[in-house]
Every structure is written in C-alpha cells, then in structure tokens.
Amino acid sequence: MPRPLSLLGPLLLAFAASALAQPVPRKVTEVPATATLVPLSANWRIDGDLDRHALLISLQGLANRDQPRLYLEYPKNWQWEIVRPLEGFLQQRHGIHFDRLATDDVDDALSRFRPQLKGYVVWDRNVRSSLIVAFTAAGVLDAVVVDDRLEALAQKHGLRKLEDLRGRFRGKSDAEIYQWAYDHYWSRCSRDYYVLLGGPAGEEMQPGIADFGVRQHAFFTDLSANSANPRQLALERRILSQQHPASIVLGWHSYGKDTEGAHTTLVSSYGLKMEGLHNLPNVSFTCQIPFTPGFHFTNTRHVRPGEHLQAQAKVYVAAISTDSMGIGSWTKPGRGRIPYAWQVMMNWAWMNPPALQYFYESRTPNDYFIGGLSGPGYMYPKAIPAAKFPALMADARSLMQQLDLHVLEIMDYSEGNRQIGNTDLTEAVVDRYYHEFPDVIGFVNGYGSARTFALRDTRPLISYDYYLDVHRPVDDAVADLDELMTLNPRRPYFLLMHVREANTVGRVATILDHLDEPVDVVPLDVFLKLAASDQTYRTQYERPDAPIDHNP
Amino acid sequence: MSPLLRRSPWFLFLATLLPAILAAAAPSPFVGTWRYLPDGSTQLSGWDALDLVFAQQGATLTLTRDFSAGRRKFEDVTPLDPEGTVANVRVDWWPDNRHIGAYIGPDHQKQVRARWIEPDRILRTTTDLVLETQQGLHPVNILTDYRLSPRGDRLTVIELRSTRDRPTVYLFERVRP
C-alpha cells in the first residue's frame, strides 16, 4: 500500500505547477456574430494621430473586458503583418461579421461602447510618459485616455474626468513619474500581467499591446533596466519582485533606454516570462476566442518517434525563422518552397488562440513548428534562478505537448549578443534542459551564431552556425555559407541557419541554390535525427574564459 | 656638384639614408581616421559602422579598428611594421564576420607581416591565425591591401581570406579633424 506521503508528493508538485500558471483569460462560449472594426491610420506620432489611437486602444481594452466587441485594423506597414489575415480568419472560421467604421473614428466608437466606460483620464502631450501612466489609470478606473484635444469629445459622450495628468509631471524624471503611478495605482493593478510599454522612444509610440493591458488591469511603465539609470532600475526591480511567480511581462523594452538583452535578463532573473512585443495588436479581442470545434494542434512530422536516420557524407542545412511568427515572412511568397522551421510563441495557445490556429491551419508540408523561446515565453536560462527553472519548464513541456512541438529553441543574451560577448550555455544549464525535456528530438541554440554543441542519448543540441541578416546581399550570404563549409571540412556537416524575420523563404532558397557544394536542405526534425547519428561537431559549452558583455 | 664630391663616401651615405630619414620624419599619408562607406563596400558582417585609425611611431604604423553596432562596440589594435618584422598580436575576439560560427582559436594569437607595395600608397599585410568552428581548428591566411587614392582622401581595403573565394572590399573616407 502506498504511504500517504508518497501520494502527497505528486499532489503538491501538481499544485505547485498549477499555482505558477497565470489566470487564463476566459474564452466566450459563443463567438459574437458581429464586432466593430476601426481602421487606424499609419501616423503614431504624439503630434499626429497617437491621441486618437491611444483613445481607441484604451476603449478596446474596456469594450472587450467581458466580450470580444472591438477589433482594430492596424495599418499595412504595422510590424505585425497578420492583422488582416487574422481578420479574414475570424470572418471565415468563426463567422464574425465586422461592422467597419471610418478610419480613427473615435466619435462613433465612443457612442457604441459608452456603457463600458466610467470616465476618462487626461494625459499630457508635453510629457510622453504621462500616456503610459494613463493606460494604467484607464484599466483601474475603467476610463479611456484622452489628451486636451479630445477631452471635449469625451465630455460630449457624457464621460466624467477621473484623472488629470496635465502639468503633474512637468520637469519630473521617469523615475519620479512612475513612482507617482506606483504610489497611486500599483496596489489596484494585476500581479499576473505587467506591461513594459517600450519600443520606439521620442515622438512616436506604438502601444498595440495596451488594450490587453488595460483589460487585465496591468501596471504600465517603460522603465529602464540599464544600471546607468539606477532609480528606474530600482523601481523596475521592485515591481518585478512583487509579480506572481512565473507571471507575464507583456511588451518590450524601450529602444531609447536599454537593450533587449539587458531587460530580458532582468525579467528572467525573477523567473518571469517576457511576452513581446509592445505593438502586438488586438489581444483583448483574440484572447477570448476559442479554437473552432474539433481543432487540435498537429505539427508536420517528417520522422516517426524513435526512428533512426543515418547521415551521409554531405552537408545538411536546416533553416529556422524565429522573431515571432506574424512579424516574419509567413504571409510572403515562397513559403513551402523549401523545408523551414518556425518558432511558435507558445503562450498564444491561451493568450491568442485564433492566431495560432491560423498558423497551424495555413502551414504547408514544408513548415515545421518548434517551441521557444528558452521556455514558456521569452527568457534567458543563464539568468533564471535554478530553483525556478523546473516549474517554468514544466509549463513549457505542457505547452509543447498541447502544440505538438518536439524541438525546443534556446536563446540567451544575458552575457552578450550576436556582436559581442557570448551566447553560449553553461554545462549546468544544458544539464537542466536535458533533464527537463526527456522526450524532445533535440534542442537548438543561439540567435546569431553560438558554439554550444552536445549530443546525449539521441538528443542533439545544435547551435546556429549562420545568421542571415535581412540586408545581407545574396552574393555575400552565399560566400558566407561557402566559407563555413570550407572551415568545417568533415562530412557530414550540420549547418543550422537562423533566418532573421523579414527574409523571405524565396530569398533563402535562392541563396541555397547558389552554393559551391551541393547541400541537402532538410526539415529540422530530420536534421536533428541525422545530427544524432554521426557527431562530427565537438561537444562544447560556455568556457570559463568566454567574453562577457551585459548589454548595457 | 663636382664629380669628386659625387664620388665621396659621404655623398653616397647621405644619398642612401636621406630618403629614409625624411620618410621616417614625415607622417604617413595613412595616418588619421577613416570612416567606412556603405555605398560600394561589401556589407559589414554584423556591424553597422567601422572606423580605421592609423597612428605612426617612426616607421611603424598602428591600426585600430573601431567596430560598432548600436550600443555595442569592439576595438582591436594591430601594430604594422612595414620593415618586415612579424608581429605576434593578441586577439581577444575575431570580429571580421559575426554572421558565421567562426571564432579565434584557443591560442588567441595572430601573426601579422606588413610591407609597402608602393610606399605611402599601397600597404599589404599578411595575417595568419587559427579559427575555431564546430568541427575544430582551421588555419586561415588573410591578405589585406590598404590602397590610398591619388588625392589621399579615400582608402580602399581589399581582403582575401584563404577560406573565402570572394574578396571583401571596404571603402573608407578620411575623417577631417
């Protein structure tokens, strides 16, 4: 008979794992037949249309609190190119009819969703950060954000002024501004979602994720992780340290204050999950849309579980596109021409279901999905405290199982980036991944090139040997790959290439067609099985004397 | 000048050494800062910008390369002795192509020989180093020509690596103080 304690252990573990998961937005049982659609102009400047866009985005977060009612059609040059394909998907697969308003029509939109509002918050056009504070207040007070130009319109709709930030922050530093916001709103904000509303700095802002943040009562800042800004960094640490374990940091770092590497390292050091970007649109709408009945995630498998493949004396190439599906080349011509792997944003399984269903249903036999990035969200494993690692990776395993993913991509910019420092993994970190993911086909590592390689049982860990820059001319890229084949003379040679977001599949195919030595371009699952059959790469981990740069 | 004087050992001595003395005293036209010009150049591999800074001490030039990409910066310094001394230079990092998985070998060294193909117009360096890749160590030889334009305001750097059939060509313009 099992002892009571031996039963209690797994139960406690299960509880601990489930306690880490953030509250999942409720899905509607019945998708609405009609929703309002407002197109947005391409002007995101403070002296341009940002005030109207900010109002509409805050309105969207509130209108969509309990039902998906308002969808914003972002301009065609928006970084997330899937806004329109997703619109079509929602129409065709869910039968949603979009009632289209005029571009930036805040008046009509306010009329439609007035019942969801309690008032308005005024931000100060002379102090950019006041808009970020206003988004926090909007979520807490159920208010739309307006500047002085739109206040009369809000009043016309019978809205009351609930907060006025005009003049309050003049001459104040961002550390002081966000401290004020912390003192006044933090206690009423979510501990499951925090929004880092960075991205472009200065006169432009692209707050596409703010609707979801407002919906979730998130606290907003664009605080710096740079030690050159100690007061901002201290407040950022204070905020992150109080968020729930393994909760979500939405958005992106500020391009004007710090680096992606520095901020993601900071977030990872608290065991939290970064979920980019600042301009990810319409999540307050899509987070409530369930999968269509009968839908299951099915990846394109090219090898059977347990199947053994034997590499020949040749060069094998696999190409992977990361940088978030939806800002890459998914919708560009050429997809399907060659085998290609795509890194899936795994949290979209619960945060953005229609987007993931759209990708899975529109894949070709040559499209292969992999998990990432380093875990359940964007995180750097060298920065994650070892004690927090198992629970996070249990979350990742669960998502990978749901999404039929069998390869995990790892990236770590905590000690460098693709120019300087190193992006390698220590042996201890590699040990953790092998322990936590016993059933994967293998791992890939890097962003630019890296030199961590391993093979344990049948699971290889292969780092990128090539980074295809968006602007790299075809001839130079061909010469780069030819040079790699010269520098790696043994065959088989396993050449893993990372394709930067906006490169089209057609461009990659053209480059591979022009190499001096014939290569086999294979699906990633085949590539890893072959790499497991003949280890011509040396086992390597981060070395004690590796250069380190903390991405200031 | 009298034929007698022309035959004197002093004259021969001066005639032989004077150009060298003058050359040693006059600054090389290479000295100064040169800024990478994207138009017409091979794309920098992983970097946005590159400055070359030539300094001179006696006959020896020192070349500093300042690479940058946004907030990231990297600098390396190489002494160039056109009189033929081979310089053993410490290499912390191989910055020349950050798109490919190739790194300076474990010895962290390169051997550099420099010579004038045409004094003050074409400087050629020959560099030997070992790069490390996923499969191990690979010796690499690099020929680099630094060619000054007739007006002295442009520098063309042509580089050929033994591992790469396609040469790289970088154009630079002089940065005026």
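At what angle do the axes of helix α7 and helix α9 of chain A cross, and within what distance do the axes come? I began my notebook with that. The model is predicted, and I kept that in mind throughout.

**Entry 1: α7 and α9 of chain A**

I looked up helix α7 (residues 174-185) and helix α9 (residues 230-242) of chain A. Their axes come within 8 Å and cross at roughly 25 degrees. That makes α7(A) roughly parallel to α9(A), because angles under 35 degrees count as roughly parallel. The crossing of α7(A) and α9(A) is left-handed. I then listed the residues that make the contact. From α7(A) I noted A:D174, A:A175, A:Y178, A:Q179 and A:Y182. From α9(A) I noted A:R231, A:Q232 and A:L235. I sorted this contact of α7(A) with α9(A) by class and got 4 nonpolar, 2 polar and 2 charged residues.

**Entry 2: α2 and α4 of chain A**

I turned to another helix pair in chain A. Helix α2 covers residues 50-63, and helix α4 covers residues 106-113. The axes of α2(A) and α4(A) come within 11 Å and cross at roughly 20 degrees. That makes α2(A) roughly parallel to α4(A). The crossing of α2(A) and α4(A) is left-handed. On α2(A), the contact uses A:R52, A:L55, A:L56, A:L59 and A:A63. On α4(A), I found A:V106, A:A109, A:L110 and A:F113. How does the contact of α2(A) with α4(A) divide by class? I counted 8 nonpolar, no polar and 1 charged residues.

**Entry 3: a sheet in chain A and the helix on it**

Next I traced a sheet of 4 strands in chain A. The sheet is open, and its order is β16-β17-β19-β18. The pairing is mixed. Which strands stand at the edges? I found β16 (407-410) and β18 (454-456) of chain A there. Each has a single partner strand, so one side of each is left without a neighbour in the sheet. The twist averages 15 degrees from one strand to the next.

I followed β18(A) to its pairing with strand β19 (residues 459-463) of chain A. The two pair in the antiparallel sense over 3 bridges. In β19(A), A:L461 is the bridge partner of A:A454.

Helix α18 (residues 524-533) of chain A packs on this sheet. I saw that α18(A) touches β16, β17 (442-445), β18 and β19 of chain A. The direction of α18(A) makes about 110 degrees with that of β19(A). Is α18(A) largely enclosed or left open? I found 9 of its 10 residues buried, so α18(A) is largely enclosed by the rest of the structure. Among the buried residues of α18(A) are A:F527, A:L528 and A:K529.

I looked at strand β13 (residues 367-370) of chain A and its side chains. A:D367 and A:F369 point one way. A:Y368 and A:I370 point the other way. All of these are buried. Strand β12 (residues 340-343) of chain A pairs with β13(A) in the parallel sense over 4 bridges. A:Y340 stands opposite A:D367 in β13(A).

**Entry 4: a glycine in a loop**

I found A:G95 in the loop between α3 (83-94) and β3 (97-100) of chain A. Is A:G95 buried or exposed? With 11 C-beta neighbours inside 10 Å, A:G95 counts as exposed, because the cut-off for exposed is 12 or fewer. I also checked A:G95 against A:D439, 344 residues apart along the chain. Their C-alpha atoms are separated by 38 Å.

**Entry 5: hairpins in chain B**

I moved to chain B. There, 7 bridges join β9(B) to strand β10 (residues 154-161), and the two run antiparallel. B:T144 stands opposite B:E159 in β10(B). The hairpin of β9(B) and β10(B) has 5 residues between the strands. In that hairpin B:G152 takes a positive phi near 75 degrees.

I went on to β10(B) and strand β11 (residues 168-175) of chain B, which pair in the antiparallel sense over 6 bridges. B:R154 stands opposite B:E173 in β11(B). The hairpin of β10(B) and β11(B) has 6 residues between the strands.

**Entry 6: where the chains meet**

How many residues does the contact take from each chain? I noted 27 residues from chain B and 33 residues from chain A. On the side of chain B that touches chain A, β4 (72-80), β8 (122-133) and β9 (136-148) of chain B each supply at least two residues. I divided that side of chain B into 8 nonpolar, 12 polar and 7 charged residues.

Notes: Residues numbered from 1 in each chain as written. Chains lettered and ligands numbered in written order. Predicted model: local features only at pLDDT ≥ 70, side-chain atom pairs only at ≥ 80, totals over all residues. Contact = placed C-beta atoms within 7 Å. Nonpolar A, V, L, I, M, F, W, Y, C, P; charged D, E, K, R; others polar. Pairing = 2+ DSSP bridges. Axes fitted to C-alpha atoms, helices over the stretch in contact; angles between N-to-C directions. Buried ≥ 20, exposed ≤ 12 C-beta atoms within 10 Å, placed from the backbone. Parallel < 35°, antiparallel > 145°, perpendicular 65-115°, else oblique. Left-handed = near helix turned anticlockwise from the far one by under 90°.
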